[in-house]
Amino acid sequence: MRTVTSPLGEPGFGLRRWLLLALGAVVVVGAGLFALQDRRPPVSAAATPLCSAGRSPAGSVTVLPVSHWENRYLQTWDFERTEALPASRSADSWEHYTLSYAVDANTAVFRATGRTRYLDRALEYLNGVVDTARASKSLPTSQYRDGYLGWVSNRKDLQPTGVEVSLYESYFWRHATTTLRIMRQTPAVYDDLGYRARYEKLLAFAETHVFDKWHSRGANDTIYRSRTHMASHWATIALNLAAITEDPARRDRYRKVVDDIDRKLPNYPTGLRGQLQPHPVDASAYFWNDEWGSTRRPGQDVSHANGVMSYVVEAEGQGDFWTAADMTRFGNLLTKVIWPGERRYAAFVDGSGNDNGWFSDGLVKLGRYDPAVQQRLERHEVVNGQFAANMALNAMLLQQAPSAESSSCPP
């Protein structure tokens, strides 16, 4: 094992079972580089970001170290593989959907520690998935029967069953393309010939047999989806591919998808920015409905809000459109509305209903922006491997933050 220096939807049950068999949670639930442009949010009637001076200054709150969360993650690591490896060798895309949590977890701990055994584990899963892909025209129940490679799903709740499912593939490949971006942005990995060969194989597959495939099949139906979280998965994929592709024409195509989803989808009245409203319960937080153009309460369900958070956090981390001030509002949503008490978890982003507190696939990532949010998350009782992994990454990023945050507020 080597150590290198690493740079800065729809939850399925499957791999969530590696939640806390080892961690003992109280609550158990289902499981030259292109520089992106700085795109400022447009002026609109939607909520505008708060200035970021309300965040806790770095050093004012002590958080648990990376090593604590890496050790917590390692308690799940062996068991994770017993479920994730068979999922990666399945030709059913629903298995890849749930596998995405393990890919995200291993990538996060690699980013936090620089230890390549975590990257190797993520790549083992990615390569397994790619190796199971077959030509659509050879899949007898596929609705497309074209030359792209892919998978069908035989979940019984699909009508009809045995079809290719854009949602399941995008749910997996948003985290898989993040792994590829991190490889490209980590010189010790990208300059290694062995890693480079695996990276190039996987990138070529993602560009052709994930993005091109679904874009060519009708982007309005397969990419510009009817719900915020489903479109956010594609925004993540396009954001990552735009950062690492070597093809300028492809980059423009990926950037268009990112910008459309951020600003205004071609087939719906708004984009993510336009969905955000001042929260009806706490104006320091954001509220949104998952249906484009709607502002009705109760808004987005918290479970699927994780998918939106996973995207905006990665975008802000790349300096792309979303800002630290946005993250402050999202952090307030988590700590003041969704999770106002130690064991009170809302089901919807307006604070209504009751849910299980599953934050592992997105909301947990807000801890990397504010030590006080991270410290609050340290007390969370719904902890699985993916949660621990992202807490490790949060801790690393907080350690690297400036000792005194510069305010974005006017003087």
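Let's start with helix α1 and helix α3. Helix α1 covers residues 66-88, and helix α3 covers residues 116-131. Their axes come within 11 Å and cross at roughly 15 degrees. Keep in mind that this is a predicted model.

How are α1 and α3 oriented relative to each other, roughly parallel or roughly antiparallel? Angles under 35 degrees count as roughly parallel. α1 and α3 are therefore roughly parallel to each other. Their crossing is left-handed.

Which residues meet here? From α1, we have Glu70, Tyr73, Leu74, Trp77, Glu80, Arg81, Ala84, Leu85 and Ser88. From α3, we have Arg117, Tyr118, Arg121, Glu124, Tyr125, Gly128 and Val129.

Why quote an angle and a distance at all? Because two packed helices are described by the angle between their axes and the distance between the axes.

Now the second pair. Helix α2 runs over residues 93-113, and helix α14 over residues 385-400. The axes of α2 and α14 come within 8 Å. They cross at roughly 25 degrees. That angle makes α2 roughly parallel to α14. The crossing of α2 and α14 is left-handed.

Look at who makes the contact. On the α2 side: Tyr101, Asp104, Ala105, Ala108, Val109, Arg111 and Ala112. On the α14 side: Gly385, Gln386, Ala389, Asn390, Ala392, Leu393 and Met396. The contact of α2 with α14 splits into 9 nonpolar, 3 polar and 2 charged residues.

Next, single residues. Find Arg181 on the screen. Arg181 sits in helix α4, residues 166-184. Is Arg181 buried or exposed? Its relative accessibility is 0%. The cut-off for buried is under 20%, so Arg181 counts as buried.

What does Arg181 touch, beyond residues up to four places away in sequence? The list is Asn240, Ala243, Ile244, Glu314 and Gln318. With one of them, Glu314, the side chain of Arg181 makes a polar contact at 2.5 Å.

Asn240 is on that list too, so let's go there. Asn240 belongs to helix α8, which spans residues 228-244. Asn240 is buried, with a relative accessible area of 0%. Its side chain and that of Arg181 are joined by a polar contact of 2.6 Å. Another polar contact, of 2.9 Å, links the side chains of Asn240 and Thr178. Setting aside residues up to four places away in sequence, Asn240 touches Arg174, Thr177, Thr178 and Arg181.

Last stop: Arg250. Arg250 is in helix α9, residues 248-263. Buried or exposed? Arg250 has a relative accessible area of 14%. That value falls under the 20% limit, so Arg250 is buried.

Which residues does Arg250 contact, leaving aside its neighbours within four places in sequence? They are Glu207, Thr208, Asp212 and Thr245. Between the side chains of Arg250 and Asp212 there is a polar contact of 2.7 Å.

Ala238 and Arg250 are 12 residues apart along the chain. Their C-alpha atoms are separated by 9.8 Å.

To recap. α1 and α3 are roughly parallel. α2 is roughly parallel to α14. Arg181 is buried, Asn240 is buried, and Arg250 is buried.

Technical notes. Residues are numbered from 1 along each chain as its sequence is written. This is a predicted model: local features need pLDDT of at least 70, side-chain atom pairs count only at pLDDT 80 or more; totals for chains, interfaces and linings use all residues. Side-chain values use heavy atoms; hydrogens and water are left out. Axes are lines fitted to C-alpha atoms, for helices over the stretch in contact, and angles run from 0 to 180 degrees between N-to-C directions. Helices (H or I, at least four residues) and strands (E, at least two) are DSSP runs, numbered from the N terminus. Angles under 35 degrees count as roughly parallel, over 145 as roughly antiparallel, 65 to 115 as roughly perpendicular and the rest as oblique. A crossing is left-handed if the near helix is turned anticlockwise from the far one by less than a right angle, and right-handed if clockwise. Contact means heavy atoms within 4.5 Å. Ala, Val, Leu, Ile, Met, Phe, Trp, Tyr, Cys and Pro count as nonpolar, Asp, Glu, Lys and Arg as charged, and the others, Gly among them, as polar. Buried means under 20% relative accessible area, exposed over 50%, partly exposed in between (1.4 Å probe, protein chains only). A polar contact is a pair of N or O atoms within 3.5 Å; within protein, one must be able to donate a hydrogen and the other to accept it, and residues adjacent in sequence count only if both atoms are side-chain atoms.
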